[in-house]
Amino acid sequence: MFLAASWCMGRFMWLLPIFTLGWLFVSMTTTYGIAVALNHTFPNFPYISYTGVEVPERGIFTFSIAVTAIMLAANAEMRFLFVKEIFHEKKMNKKWKNTNVAGLVLGLISSLGLLLVGCFQVDVMKPPHYFGAFLCFVIAIVYLWLQTVITWKLRHVAQKEQDGKVWRAIRKFVWIWQILNSAASTILLILFSVSKATYKMQRKLNMGTKWDTLRGVFLLSTTTEWLLAFSIMFFVLTFIPGFKRLKDIKVKVTLDKGEKSGPPPNGEQQEMNDRERLQPEKQEV
């Protein structure tokens with residue numbers, strides 16, 4: 001992922017978060033539009049997964065979500081490398097370096113969850129789909145808060161150094177944005193989880209359907225799911241100022257030349273022994 005992203009974008013890596021958000025928005029609106037146009041779902045806020053159940057939108061949904069997952073993983077990896085370089089320059093302790101590694105792991109797990117959501121349709125493969133949704137949403141919220149803490153530390157370290165006022169202001173703005181974004185995403189996750197559980201429980205008890213008495217709680221669960229998805233994606237935009245500071249991105253490849261420091265091969269060793277044996281005979285003559 002790092003190799004592909006660095007080769008494609010280079011110093012324009014700061015565009016990656018914008019491309020990621022733009023790709024997801026176009027993909028979700030496309031599958032939603034096709035599903036509604038073909039009467040495969042209803043127009044008033046269905047669950048996101050139900051916009052990619054039937055053909056042909058199913059293939060578009062799977063492909064677009066898979067690409068989004070890869071792009072999100074690339075964002076998480078570039079964020080990790082950016083923070084790693086700063087922590088190395090500032091000589092941060094091992095605790096913060098491990099925190100950065102934990103952020104990368106959480107980001108990759110969340111991306112894997114999104115990939116599961118796209119590859120396993122909700123109508124025929126519910127267990128892996130819901131497991132992927134759990135990784136995608138819940139782990140992502142933990143990732144957001146962890147990155148917010150890392151940004152706070154970066155801002156705290158920068159204040160001790162002679163960084164310009166502009167970059168200090170940008171770090172402060174990004175930190176505040178991340179706090180608000182993480183808080184909003186957490187609230188949306190709670191509302192989505194509670195409303196969906198309430199809707200499913202009341203429907204099993206025959207208390208109504210999504211078209212009558214349960215319409216309110218159903219719409220609350222679907223709208224909060226859409227808002228939660230885009231809220232998490234908007235967080236990625238906070239990586240732009242950091243990515244803009246990436247001056248040079250290189251991938252170093254080292255090949256094994258086959259050189260060995262041990263004893264020579266058997267043939268060379270035999271030749272050396274013969275020379276040592278012949279050397280005294282020349283001296284006697």
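Ile179 is found in helix H6, where helices are DSSP runs of H or I with at least four residues, strands are runs of E with at least two, and both are numbered from the N terminus. With a relative accessible area of 30%, Ile179 is partly exposed; that label covers the range between buried (under 20%) and exposed (over 50%), using a 1.4 Å probe and protein chains only. Leaving out residues up to four places away in sequence, Ile179 touches Trp145 and Thr148, a contact being heavy atoms within 4.5 Å. Ile179 and Thr148 are 31 residues apart in sequence, yet their C-alpha atoms are 6.4 Å apart in space.

A word on the ground rules. This is a predicted model, so local features need pLDDT of at least 70 and side-chain atom pairs count only at pLDDT 80 or more, while totals for chains, interfaces and linings use all residues. Residues are numbered from 1 along each chain as its sequence is written, and side-chain values use heavy atoms, with hydrogens and water left out.

**Aromatic rings**

A search of the whole structure turns up 13 aromatic pairs. Rings of Phe, Tyr and Trp (its six-membered ring) pair if their centres lie within 6.5 Å; planes under 30 degrees apart are stacked, over 60 edge-to-face, and the rest tilted. Phe42 and Phe218 have ring centres 5.8 Å apart and planes at 55 degrees, so this pair is tilted. The pair links distant parts of the chain, 176 residues apart: Phe42 sits in the loop between helix H2 (16-37) and helix H3 (57-90), and Phe218 in helix H7 (residues 215-235). Phe42 is buried at 16% relative accessible area, and Phe218 is buried too, at 2%.

Phe137 and Phe192 make an edge-to-face pair, 6.1 Å centre to centre with 75 degrees between the planes. Here Phe137 belongs to helix H5 (residues 126-160) and Phe192 to helix H6 (residues 165-204), 55 residues apart. Phe137 counts as buried at 11% relative accessibility, as does Phe192 at 9%.

Phe42 and Phe218 also belong to one aromatic cluster with Tyr47, Tyr50, Tyr199 and Trp211. Tyr47 has Lys196 over its face, at 4.5 Å from the ring centre; a charge sits over a ring if NZ of Lys or CZ of Arg is within 6 Å of the ring centre and within 35 degrees of the ring normal.

**Empty space**

Rolling a probe the size of a water molecule over the atoms shows where empty space is left. On a 1 Å grid over the protein atoms alone, a cavity is a set of points where a 1.4 Å probe fits but cannot get out, whereas a pocket is an open set with protein on both sides within 12 Å along at least five of seven lines; lining residues have an atom within 4 Å of a point. Grid points are joined across faces, edges and corners, and a volume is the space filled by probe spheres set on the points.

| Site | Volume |
|---|---|
| Largest pocket | about 610 Å³ |
| Largest cavity | about 160 Å³ |

The largest pocket is lined by 39 residues, with Leu114, Ala133, Cys136, Phe137 and Ile232 nearest its centre. Two or more lining residues come from each of H2, H3, helix H4 (94-119), H5, H6 and H7, and H5 gives the most, with ten. By class, the pocket lining has 29 nonpolar, eight polar and two charged residues. In this scheme Ala, Val, Leu, Ile, Met, Phe, Trp, Tyr, Cys and Pro are nonpolar, Asp, Glu, Lys and Arg charged, and the others, Gly among them, polar.

The search finds one cavity of 30 Å³ or more. The largest cavity is lined by 15 residues, and Arg79, Phe82, Arg171, Pro241 and Gly242 lie nearest its centre. H6 gives the most to this lining, with five residues.

Most residues other than glycine have a negative phi, and most peptide bonds are trans. A cis peptide bond joins Val55 and Pro56, with omega about 10 degrees. Phe45 is not a glycine but has a positive phi of about 50 degrees, and it is partly exposed at 44% relative accessibility.
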